[in-house]
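These are my notebook entries on a single chain, written down in the order in which I looked things up.

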Amino acid sequence: MCGIVGYVGPDPCAEILLDGLRRLEYRGYDSAGMALIEGTESKILRSQGKLTNLARLLSEHRPTGTTGIGHTRWATHGRPTEINAHPHKYGKVSVVHNGIIENHAMLRAELESNGHKFSSETDTEIVAHLVDDEVKAGRSPKDAVLGALRRVEGAYAICVLVDGAPDQIIAARHDAPLILGIGSGENFVASDVPAILNRTRDMVFLEEKELAVVRADGVEVMDLDGKPVDRKPQRILWDAMMAEKGGHKHFMLKEIHEQPRAVTDTIRDRISAKTAETFIDGFEIEIEKLRRVVFVACGTSYHAALVGKFLVEGLARVPVEVDLGSEFRYRDPLVSDSDLLVTISQSGETADTLAALREAKRKGARVLSICNVVGSTIARESDGVLYTHAGPEIGVASTKAFTTQLAALVLLAIYLGRRTGALDQESAHELIKDLLALPEQMKEVLDRGASVDVIARRYATARDFLYLGRGINYPIALEGALKLKEISYIHAEGYPAGEMKHGPIALIDENLPVVIIAPRGSGYEKIINNLTEVRAREGKVIAIASRGDNEIGSMVDDVIQVPDVRPELQPLLTVLPLQMLAYRVADIRGTDVDQPRNLAKSVTVE
Ligand code: AGP
């Protein structure tokens with residue numbers, strides 16, 4: 001997934017665009033480029049690899065243009081080379097694009113048969129050719145883009161410059177995010193808020209199939225038939241600093257330490273301690289009609305959904321099904337209007353989760369989304385949204401978004417439990433009291449991160465890791481393994497501890513570190529059995545245990561203690577040492593922690 005930024009205003013904008021691309025590099029970073037209007041024509045500067053290469057090019061060329069578009073790429077069609085980097089220019093038209101043009105092969109063949117010559121392997125270049133044909137036919141930049149988009153199928157967020165129209169950017173979106181930043185005497189376009197948050201807080205979130213003409217003195221928004229649409233700017237409360245590292249070595253480490261604040265902000269004003277009720281931002285559920293809750297998500301958000309099943313079934317006694325977005329959408333799922341579909345997504349733009357949402361809506365289900373990005377596509381297409389207030393999450397490996405998702409799921413489970421009657425007022429009171437105390441306990445665990453360093457040093461050269469957990473901590477074993485895989489590139493597997501003897505026990509020997517999540521509570525004896533089975537085969541055991549558990553220390557190689565809390569809240573504590581372990585191991589191995597290879601922050605294609 002790529003990052004797009006655009007500027008129209010009085011200032012030379014090469015540095016403004018470069019700064020915006022730096023803040024979007026987490027979306028993709030295999031090549032980059034920008035087009036700047038010099039005089040009346042756009043000048044293209046592109047480079048392969050990281051933005052530093054483009055920065056070098058800018059310092060050589062010193063462009064002065066005050067209208068420009070920029071792009072940082074995550075290749076889908078065409079290798080990550082300079083020739084395939086964006087912008088793509090054909091004739092008078094320069095285009096940057098995020099998404100996939102699905103009918104590009106057909107259009108390319110047709111254009112080539114009409115004598116067009118293509119210079120790249122990308123799907124994007126098609127758009128430049130189509131718009132240029134429209135311009136040659138005498139249409140204005142806006143009408144030329146509208147005309148071209150009538151031919152295009154697939155997902156796109158695009159920005160277009162047309163030579164001869166130096167005062168405007170044409171921006172349009174369908175199935176990929178695009179935002180307009182409203183300034184005074186200058187305006188911006190961007191794929192995501194952090195890119196322009198240091199220049200303006202007033203954002204217009206373009207809706208599906210909308211186009212905007214962006215000039216320095218104003219923006220015009222219309223649908224793809226050219227009919228004007230009234231779009232009011234939304235003021236974003238995040239401050240630019242929140243998008244900066246705040247003095248930490250990596251965004252991921254900063255975001256790990258932001259979790260107590262993020263959880264506090266997520267539960268804030270959604271709890272009535274007096275009535276032991278929780279609120280989900282004005283979304284009401286007809287509990288009598290509700291037959292089942294279906295969670296759908298991908299990656300880390302899917303692990304949160306698995307915890308959600310324990311919480312909702314445990315506290316509300318409502319049947320729950322959990323599915324992966326990429327599987328659900330093609331499974332012709334049995335959902336109906338008596339089901340509540342809950343999608344979970346940090347970015348709100350994950351294509352598989354979005355498609356699952358649309359599939360369930362098509363079948364009559366109501367949709368509630370747990371999402372971290374206000375105005376994102378999933379949020380806009382849901383019947384209700386429970387926003388997590390994690391703030392911008394820049395590190396590709398999700399951390400604070402995950403724990404805020406868990407907190408939101410506790411709120412949802414209490415909400416449902418109070419309405420089904422499965423959770424009485426007194427029990428809800430107790431749970432809410434414990435939930436409100438949690439951020440402080442999370443801080444305690446994070447402040448004692450140094451104990452994780454020693455363990456990380458000991459196992460940083462390991463070839464494989466195994467993570468084991470039971471019950472509500474089984475998904476945390478999956479999450480711990482995913483974090484380590486994502487940023488350290490060590491092969492790691494999360495497994496329900498009870499399943500170990502049905503296979504993975506064969507992996508265990510003196511070279512295999514095994515992380516076992518073993519807090520006090522139901523299943524504790526069982527997990528201790530699994531722990532001894534690992535030890536019996538020389539496996540190196542790192543236990544995540546409850547404070548005050550003085551027995552376990554003598555049974556393992558390393559133990560990391562977390563405050564002893566009720567099972568429903570344990571995942572918000574047991575995951576923290578696993579995040580820190582993954583972070584420290586990756587940092588010791590010197591990998592690119594914030595932008596791990598082959599990954600992107602939001603996966604907006606299948
Ligand atoms: C997690 O660290 C990864 N970045 C990835 O698995 C992510 O959780 C997944 O792509 C889902 O993203 P979403 O929450 O934005 O939908």
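**Entry 1: Asp 192 and the basis of the notes**

I looked up Asp 192 and found it buried, with a relative accessible area of 15%, where buried means under 20% relative accessible area, exposed over 50% and partly exposed in between, with a 1.4 Å probe and protein chains only. The model is predicted, so I note that local features need pLDDT of at least 70 and that side-chain atom pairs count only at pLDDT 80 or more, while totals for chains, interfaces and linings use all residues. Residues are numbered from 1 along each chain as its sequence is written, and side-chain values use heavy atoms, with hydrogens and water left out.

Asp 192 sits in the loop between β10 (187-190) and β11 (202-205); here helices are DSSP runs of H or I with at least four residues, strands are runs of E with at least two, and both are numbered from the N terminus. Not counting residues up to four places away in sequence, I find Asp 192 touching Leu 24, Tyr 26, Arg 27 and Ile 179, with contact meaning heavy atoms within 4.5 Å.

I next took helix α15, residues 474-488, whose 15 residues reach 21 Å from the first C-alpha to the last, close to the 21 Å expected at 1.5 Å a residue; the expected span is 1.5 Å times one less than the number of residues. Twelve of the 15 residues of α15 are buried, including Ile 476, Leu 478, Glu 479, Lys 483 and Glu 486. After α15 comes Tyr 489, for which I read a positive phi near 65°.

How do the axes of α8 and α15 cross? The axis of helix α8 (residues 299-316) comes within 9 Å of that of α15, and the two cross at roughly 170°; axes are lines fitted to C-alpha atoms, for helices over the stretch in contact, and angles run from 0 to 180 degrees between N-to-C directions. That makes α8 roughly antiparallel to α15, since angles over 145 degrees count as roughly antiparallel, under 35 as roughly parallel, 65 to 115 as roughly perpendicular and the rest as oblique. From α8, I list Gly 299, Thr 300, His 303, Leu 306, Val 307 and Phe 310, which meet Pro 475, Ile 476, Leu 478, Glu 479, Leu 482, Lys 483 and Glu 486 of α15. The residues of this contact divide into seven nonpolar, three polar and three charged, with Ala, Val, Leu, Ile, Met, Phe, Trp, Tyr, Cys and Pro counted as nonpolar, Asp, Glu, Lys and Arg as charged, and the others, Gly among them, as polar.

**Entry 2: α12 and α13**

Helix α12 (residues 400-420) and helix α13 (residues 425-447) have axes that come within 11 Å and cross at roughly 170°, and I therefore record the pair as roughly antiparallel. Among the residues making the contact are Val 410, Leu 411 and Ile 414 of α12 and Ala 428, Leu 431 and Leu 435 of α13. The contact residues of α12 with α13 divide into eight nonpolar, two polar and one charged.

**Entry 3: the cores**

Which residues touch the most other members of the largest nonpolar core? In this core of 92 residues they are Val 293, Phe 295, Leu 416, Phe 465 and Tyr 467, a nonpolar core being a set of buried Ala, Val, Leu, Ile, Met, Phe, Trp, Tyr and Cys residues joined through side-chain atoms within 4.5 Å. The most is given to this core by α12, with twelve residues. Apart from it I find another core, of 31 residues, with Leu 24, Leu 54, Ile 179 and Ile 394 among them.

Leaving out residues up to four places away in sequence, Tyr 467 touches, among others, Ala 477, Gly 480, Ala 481 and Leu 484.

**Entry 4: backbone details**

Most residues other than glycine have a negative phi, and most peptide bonds are trans. I noted a cis peptide bond from His 86 to Pro 87, with omega near 5°, and Pro 87 lies in the loop between β4 (67-73) and β5 (88-90). Ala 276 has a positive phi near 55° and is buried at 0% relative accessibility, whereas Asp 332, with a positive phi of about 45°, is exposed, with a relative accessible area of 52%.
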